[in-house]
Amino acid sequence: MSALISACRSPLSALLLAVGVALCSPLAAAQNARIAIIIDDIGYRLNTGLRAARFPGPLTLSILPHTPNGYRLAQIAHSEGKEIMLHAPMSSMRDLPLDAGALTEQMSETAFAATLAQNLSAVPHVSGVNNHMGSRLTQQREPMNWLMAALKQHRLYFVDSRTSADSLAFEVARSHHLPSLRRDVFLDHQREEAHISAQFLRLISLAKANGHALAIGHPYPETLDVLYRGLADLEASGIDLVPVSALLKPAASPSFIEADDKASGYKKQETYICPVRI
Ligand SMILES: [Zn+2]
């Protein structure tokens, strides 16, 4: 009981109580909820990437291939105990300029697979893949089938960043029985600490409701500042920060996915465009 009382005195707990999350019930204390946080768009700038790599907790870093510092940052982050993902560039509905190694709907299956393989060899220690941009490509079933078949061969997991409300990526990944997740919360769609803090609390609330939740953010100073402050309170609040792979579970049936949607408050209309060259 003393642990519960002290948990409820922490600043984050006080905030969570203010938004109506019952942290101090015996039920909540029985098993810690888990969150995973992907920091992506890493590779262009060394300093911002280094701060994420040296963060004192198990963030998962997703790295753009063929970037000036991507390979080096992957090595450093891995040595710091971080899980590494490939942040695979894909074509977008806005026809934004494509990053090196972009996958597009114009590619043949052979070119698609070769480009993906080159991207994977440009980032060491990769455990999984999420899409960079991709609001156009993730709506295309055939290239998503190619992607998931290739990831299965490479024994990698997939996270749908959900940059389009109409993304098929998660559904196709599940149909291939590929270990896969989709993003629940974007932390820093608005680059303001108040917004990022509110999104962090939303992540915690979802984890409390569902047992787990997955966020994506970027190595902005504002985002990392919020995470530094918030993570200091997580353990006392009954939340474990874990690498993405720790959240993976066996492929679910469609009815289970629908139940997940309902429980997580999944909003089909929510979309997001990745910033680039952070
Ligand atoms: Zn991105």
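Helix α7 sits under cover from several sides: what covers its buried residues includes α6 (109-121), β4 (126-133), β5 (157-160) and α8 (169-175). The buried residues in question are Pro143, Met144, Trp146, Leu147, Met148 and Leu151. As this is a predicted model, everything described here is read from computed coordinates. Helix α7 itself covers residues 141-154, which makes 14 residues. From its first C-alpha to its last, α7 reaches 20 Å, close to the 20 Å expected at 1.5 Å a residue. Just after the helix comes Arg155, and here the backbone takes a positive phi of about 60°.

Next comes the nonpolar core. The largest one has 69 residues, and Ile35, Leu61, Ile63, Leu203 and Ala215 are those with the most contacts inside it. Strand β1 (residues 33-42) supplies the largest share of this core, with seven residues. That goes along with how well β1 is tucked away: nine of its ten residues are buried, leaving the strand mostly covered. For a look at one residue in detail, take Ile35. Leaving aside residues up to four places away in sequence, Ile35 touches Leu203, Ala207, Ala213, Ala215, Ile239 and Leu241.

Strand β1 also has several partners. Six bridges join β1 to β8 (residues 212-217), and the two strands run parallel. Strand β9 (residues 239-241) is parallel to β1 too, with three bridges between them. Arg34 takes part in both pairings: its bridge partner in β9 is Asp240, while its bridge partner in β8 is His212. A further parallel pairing, again with three bridges, links β1 to β2 (residues 60-63). In that pairing, Ile42 stands opposite Ile63 of β2. To get from β1 to β2, the chain passes through helix α4 (residues 46-53), and this β-α-β crossover is right-handed.

Finally, there is Pro221, which belongs to helix α10 (residues 221-234). Is Pro221 buried or exposed? It counts as exposed, because it has 12 C-beta neighbours inside 10 Å, and a residue with 12 or fewer falls in that class.

Technical notes. Residues numbered from 1 in each chain as written. Predicted model: local features only at pLDDT ≥ 70, side-chain atom pairs only at ≥ 80, totals over all residues. Core = buried A, V, L, I, M, F, W, Y, C linked by C-beta atoms within 7 Å. Buried ≥ 20, exposed ≤ 12 C-beta atoms within 10 Å, placed from the backbone. Helix = DSSP H or I, 4+ residues; strand = E, 2+ residues; numbered from the N terminus. Contact = placed C-beta atoms within 7 Å. Expected span 1.5 Å × (residues − 1). Pairing = 2+ DSSP bridges. Right-handed = clockwise from strand over helix to strand, strands pointing away.
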